[in-house]
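Welcome! Take a look at it first, and then read on.

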Amino acid sequence: SSTDGPKSAHFDICSKNLKYKFSENAFNTNILKRHSGQYYTLPPTHIQKLFPYGLPPRFQLQIKTFNEGCVMVRPPALELISYLKRADYSKPPLRYVLYGDIGTGKTMSLCHALHYCYSQGWLIVHVPDAHLWVKNCKELLPSSSRPSRFDQPIQASQWLKNFKITNERFLSKVQLERYVWTKRESTEKGQPLGELIDQGVNRMKSSSDVVGAVLRELRLQAGGATEGEGAFKLAVAVDGVNALWGKTSLKKEDRTMCEPEELTLIHNLRKMMKNNWSGGAILTALSQTGSVFKPRSAYLPSELLGEEGFDNMEPFVPVSVSNYNEKEFESCYLYYLDRNWLQHPHSRSEEGKKELIFLSNKNPSILERLCAFL
Amino acid sequence: MAASGCRGVRSILWKYGSYGKNLFVSRSKMVPQLPLRQIYVASSLWKKNLAAAGPQKFTQEFIDKQVEEFEVGKRHLANMMGEDPETFTQEDIDRSIAYLFPSGLFEKRARPVMKHPEEIFPKQTAIQWDAEGRPFHFLFYTGKQSYYSLLHDVYEKILAIERHQDKMRNKGLFTSDTKQILLTGSRWLLKEEIEENLVENISVQDYMRLIQLMELLLSMPYCSLEEEFILKFRKQLEVQSSKYEIPALQYDPQGVAFSVADGRRKSAKASITLRDSGSGNITINGRNYLHYFPVLQNREQLMFPLLFVGMMGRFDIEGSVEGSGHSAQAGALRLAISRALLSFVSEGEVEKMRQAGLLTADPRIRERKKPGQEGARKKFTWKKR
């Protein structure tokens with residue numbers, strides 16, 4: 001990391017430990033604990049593959065600006081990763097719910113844990129924001145397979161494309177069932193997963209059903225064959241999981257409100273959330289910012305998930321995410337100084353730092369927005 | 001009547017010739033002589049030109065009578081209110097009148113008032129000429145006799161000082177570094193105030209001439225001889241920062257110092273407890289300030305008093321605020337924080353805060369909507385015909 005311009009001695013000592021490169025043993029527990037509060041660089045190839053769409057939009061802008069993606073190692077992510085390491089994968093999957101105030105870093109922690117899963121070779125099912133499936137849909141088609149359901153072809157095909165990019169290695173998986181799409185088209189038994197996905201991408205009309213089929217296949221196959229070639233662990237990551245049990249802002253043709261169950265995508269995802277399969281983990285994060293009809297002050301699981309959601313998700317492991325503490329704030333501040341993001345000369349002084357602490361109350365997203373125009 | 005009587009007697013004497021001068025003399029002794037100067041003023045005098053001085057509506061005896069009545073009334077009032085008549089001040093009078101005659105009028109000057117006649121009846125000049133029309137003052141025909149006589153006095157004093165200077169030079173005791181008059185913390189009387197003292201109108205040029213003459217007097221080395229005279233024309237400026245009452249510093253059972261203060265802005269009322277505990281937590285209406293004020297500007301308003309004094313991470317603030325909108329609430333909180341900080345801060349800092357504008361309550365209030373207009377300023381569409 002380059003250091004130029006007048007900086008305090010404290011910074012000079014820290015700058016050597018500010019960032020470390022992602023390497024093979026990066027997720028070793030001891031190494032992680034030692035680097036707690038510091039940044040580690042995501043390799044660009046991983047970002048392209050794993051997170052074309054999964055990272056928060058502001059963070060994507062930051063990656064473009066700084067030409068590197070640096071993630072801070074924080075306790076919630078450490079906790080998650082340690083649970084993932086110690087879990088027993090022959091039993092039904094554990095559900096982890098990241099909750100916390102707005103802008104504290106839930107999505108980022110989720111992405112960090114997901115990166116761990118990816119580096120261990122798991123199969124990733126990542127829904128970047130479930131709220132996108134529940135509002136602002138331009139096309140809402142009645143489902144081809146079931147009469148009372150609604151399809152969202154655009155969202156479904158988009159998701160299938162992203163899934164393909166992330167899990168390229170697993171596309172030659174063998175499937176079990178026979179699926180009939182229309183009178184003329186059907187997918188036979190024993191065909192690779194890749195073809196199923198292509199089917200969904202090409203035929204927009206049946207893409208939502210394809211999504212459902214994919215999820216079902218993965219559920220059935222994840223627990224099987226613990227040894228041998230076909231073994232894989234499934235990581236289901238959903239951000240904004242409270243969308244599954246909240247309200248939608250979509251309307252049917254007769255102008256009545258749509259329930260979440262009536263949407264194919266949501267229905268299938270809910271089935272995924274149940275722990276009646278084995279061989280993986282379910283990582284979720286709550287989100288108030290995209291949620292429909294929820295007050296801004298709600299951040300606890302009980303408030304955001306609602307009664308129905310809470311009952312469905314129970315039992316789960318809650319992981320709370322909070323604002324930066326002193327050390328983390330210091331680290332973030334030094335990172336911005338290092339990348340010359342804080343241009344204003346006053347921001348380099350102690351007074352400026354105190355002002356930043358006050359104005360952002362050490363909230364990560366507010367600090368980021370504040371520094372954006374300094 | 002006496003004159004005609006006298007003339008009548010004289011005419012009788014003239015008719016009967018003179019029996020002797022001593023008879024005449026004794027006669028004149030018996031008849032009382034006319035005084036040479038009149039004591040009373042005849043009503044014919046009122047018709048003369050009084051425009052320059054202004055008519056004397058109230059005679060001196062009238063005003064004296066009013067003063068007597070005021071004093072007696074003051075004692076009665078004190079007895080009525082059950083207080084000591086000897087130590088009954090003007091403030092007590094005002095308080096008692098406001099209690100006895102409660103008035104709902106908005107204009108304060110229209111409410112019942114009981115003050116010393118000096119303050120109620122305007123100062124006016126007495127008649128400045130005698131019965132034969134000869135003015136008393138030698139500068140009467142200048143038109144502004146008190147002003148010019150004042151200038152005359154000042155110049156007299158200048159000459160006196162010069163003479164004193166010459167005397168000291170002759171004796172060989174002339175020194176330039178004599179006692180100088182302290183002029184800091186005071187200002188020259190304004191034109192209006194001098195007009196009030198002289199009871200006549202002067203123009204701006206006259207006022208400037210007077211001030212120039214006073215400064216000339218001040219520039220002389222021995223001006224301290226006339227210090228008393230000069231200070232009559234200077235007004236002391238009050239020290240502004242002594243006006244603020246500093247909220248008392250109270251102590252918790254745990255020994256933590258805290259102070260309570262209020263603030264208002266545009267119908268938003270805020271009340272704050274400032275604790276000296278060492279962390280920088282701020283809670284407003286039970287919620288964190290980051291949630292209560294999502295807008296950056298409002299948080300900056302909260303930060304400003306603490307930043308100015310330099311005690312950023314030191315205090316714990318617990319506040320409650322209601323009314324108006326978010327910006328006004330932030331302003332009210334800022335004022336309350338500044339006031340609470342007064343008890344933790346030194347005198348010099350108080351003055352600095354006052355000059356920074358932290359302690360001034362913002363007087364801006366929503367302007368009234370007028371009839372015939374859309375809003376306070378916006379008019380209806382103007383149609384030419």
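The model is predicted, so local features need pLDDT of at least 70 and side-chain atom pairs count only at pLDDT 80 or more, while totals for chains, interfaces and linings use all residues. Residues are numbered from 1 along each chain as its sequence is written, chains are lettered from A and ligands numbered from 1 in the order in which they are written, and side-chain values use heavy atoms, leaving out hydrogens and water.

**A charged patch**
- A:Arg216 sits in helix H9 (residues 207-222) of chain A; helices (H or I, at least four residues) and strands (E, at least two) are DSSP runs numbered from the N terminus.
- Together with A:Arg146, A:Lys271 and A:Lys274, A:Arg216 forms a patch of positive charge on the surface.
- Such a patch takes residues with over 30% relative accessible area and no salt bridge, joining like charges within 9 Å; a salt bridge is a side-chain nitrogen of Lys or Arg within 4 Å of a carboxyl oxygen of Asp or Glu.
- Lys and Arg count as positive, and the place of the charge is taken as NZ of Lys or CZ of Arg.

**Chain A as a whole**
- Chain A holds 14 helices and twelve strands.
- Of its 374 residues, 54% count as buried.

**A buried strand residue**
- A:Thr284 belongs to strand S11 (residues 280-285) of chain A and is buried, with a relative accessible area of 1%.
- Leaving aside residues up to four places away in sequence, A:Thr284 touches several residues, including A:Tyr96, A:Leu110, A:Val238 and A:Met313; contact means heavy atoms within 4.5 Å.

**Helix H13 of chain A**
- Among the buried residues of helix H13 (residues 350-360) of chain A are A:Leu356, A:Phe358 and A:Leu359.
- Their cover includes helix H12 (326-338) of chain A and helix H11 (296-309) of chain B.
- After H13(A) comes A:Asn361, whose phi is positive, near 50°.

**A loop in chain B**
- B:Val113 lies in the loop between helix H4 (90-100) and helix H5 (117-120) of chain B.
- B:Val113 is exposed, with a relative accessible area of 53%.

How values were computed. Patch = residues over 30% accessible without salt bridge, like charges linked within 9 Å, V, L, I, M, F, W, Y side chains within 5 Å. Areas by Shrake-Rupley, 256 points an atom, 1.4 Å probe, with all protein chains shown as cover. Buried < 20%, exposed > 50% of the residue type's maximum accessible area, 1.4 Å probe, protein only.
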